[in-house]
Amino acid sequence: MWIRASPGLSILFFAAVPSTAQEIVELPAEDLWLDPGFEEVYSVGSLDGPEWQQFGEVFDVAFDGAGNVYLLDIHASRVTVVDREGGLLRTIGRPGDGPGEFNHPTQLAVTEDGRVVVADVARHRAFQLYSSNGEFDRSVRVGDDLLGVDGRIYPDGGGQDAVVLSGRMISIESMRLGEEDPPGTRAVVRLALDADRVVRETITRAWAPPSTGTITFSVAGHEITTGDQTPPPRTFDPGLFVGPLPGGGVAFSDSSAYAIRIVDADGAPVRILTRPLHAQPVTDRILEAELARQLEEYAADAASSGGRSRVVVDGRTGERVEASLDDMMREGAVRSRRAYLEALPVADAVPVVLDLRTTRDGRIWVRRRGEDLLSDGPIDVLTMDGRYLGSYPAGTAMPDAFGPAGFLAFVETDEFGVQSVVVKQLAADARR
């Protein structure tokens with residue numbers, strides 16, 4: 001059974017950050033449509049191409065200020081650097097446990113001048129730093145309490161030797177208590193890398209949905225309780241999306257409302273960018289559709305059949321039939337997943353914002369929900385000083401990385417599971 005959250009909860013949550021001295025900018029309601037026909041510059045990644053283009057899994061991608069693109073291949077444990085024409089410039093790192101080697105790299109950040117930061121936290125227990133020529137510089141160790149980083153990292157916009165996190169840090173404290181921040185808040189974090197050990201700095205505090213605590217559900221007559229260490233999010237809880245801005249501030253979205261918050265390098269609130277696009281109340285129809293969507297996505301991600309099978313009795317006909325063990329395991333997993341999803345509490349409203357990214361020149365790309373509330377909608381382009389530049393229509397892919405001169409990088413996967421990275425460029429008038 002779906003459990004509704006308290007109806008008394010606001011769907012706006014404008015009080016997450018103190019409003020003292022901050023400007024509220026109301027942007028136009030009407031969409032100004034932009035041309036999504038980005039010009040392709042080059043594409044890299046092919047099974048029959050050179051060895052360096054045979055990617056395992058491109059986990060992250062970033063640009064430097066010259067327009068070179070950096071691809072973090074988690075399977076190959078290396079960073080491949082590609083120049084503006086799509087040629088191999090260099091590779092960085094290799095598998096291993098020594099200095100400059102990667103064990104399980106998961107995040108990548110590249111500065112304007114081409115210095116590289118790779119997060120290899122879970123196993124190597126460090127952030128690896130490389131100079132602009134690709135040479136290993138140093139490792140910055142993480143504390144014993146830090147278990148991992150869930151999200152993406154970006155260079156600090158103020159030029160500090162630091163990265164900004166869009167996501168959350170997984171620590172012993174957060175696993176033990178389920179909440180390491182003060183109740184009702186989530187930290188927007190900068191990780192300083194100018195010492196031997198990573199120093200966590202809280203830029204500001206965003207609003208956090210109420211904790212769900214533990215949940216209990218039944219599968220095949222057995223009761224299962226989860227959330228003892230990390231409480232699961234409610235269905236339709238808003239995410240925390242963060243992007244760095246020039247000068248060291250950040251833009252972030254933390255609530256169900258269309259409210260893009262701008263804070264300066266010290267975390268002081270500057271302005272809130274809003275559009276009259278309102279969070280919609282959750283209905284039974286929306287809940288059922290969301291459940292079906294998540295289950296379909298879960299089933300698609302399940303492992304495909306490996307050919308193993310066994311003879312079973314069809315419960316309806318009594319006939320003995322041969323069934324794939326993988327199919328049986330997948331069906332059981334989907335049933336368990338359904339029971340889990342149905343046991344989750346549900347937020348009051350469907351959030352407007354689905355994603356947020358920023359560019360080095362301070363533009364903010366905001367993905368909002370589609371008209372059916374369950375699909376990706378248009379992408380709004382805003383400026384940090386409070387202007388609305390227009391919207392790319394639904395169906396436009398959110399770039400995985402933004403470079404200079406309007407360069408955009410997209411990680412694509414074909415029907416055979418082969419990955420490529422496609423670099424495109426905005427039209428000249430869209431770069432101004």
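Predicted model: local features only at pLDDT ≥ 70, side-chain atom pairs only at ≥ 80, totals over all residues.

Start by selecting residues 185–192 and 199–207: these are strand 14 and strand 15, paired in the antiparallel sense over 8 bridges. Strands here are DSSP runs of E, at least two residues long, numbered from the N terminus, and two of them count as paired if DSSP finds at least two bridges between them. A hairpin of 6 residues links strand 14 to strand 15.

Numbering runs from 1 along each chain as its sequence is written, and side-chain values use heavy atoms, leaving out hydrogens and water.

Next, go to the open sheet of 4 strands, ordered 8-9-10-11 with antiparallel pairing. Select 107–110 (strand 8) and 136–141 (strand 11): these are the edges, each with a single partner strand, so one side of each has no neighbour in the sheet. From one strand to the next, the twist averages 20 degrees (angles run from 0 to 180 degrees between N-to-C directions of axes fitted to C-alpha atoms). Pick Ala-109 and you'll find its bridge partner, Val-117, in strand 9.

Last stop: colour by pLDDT, the predictor's confidence in each residue from 0 to 100. The chain averages 87, and 86% of its residues reach 70 or more. Residues 1–19 stay under 50, as do residues 304–325.

Methods
Contact = heavy atoms within 4.5 Å.
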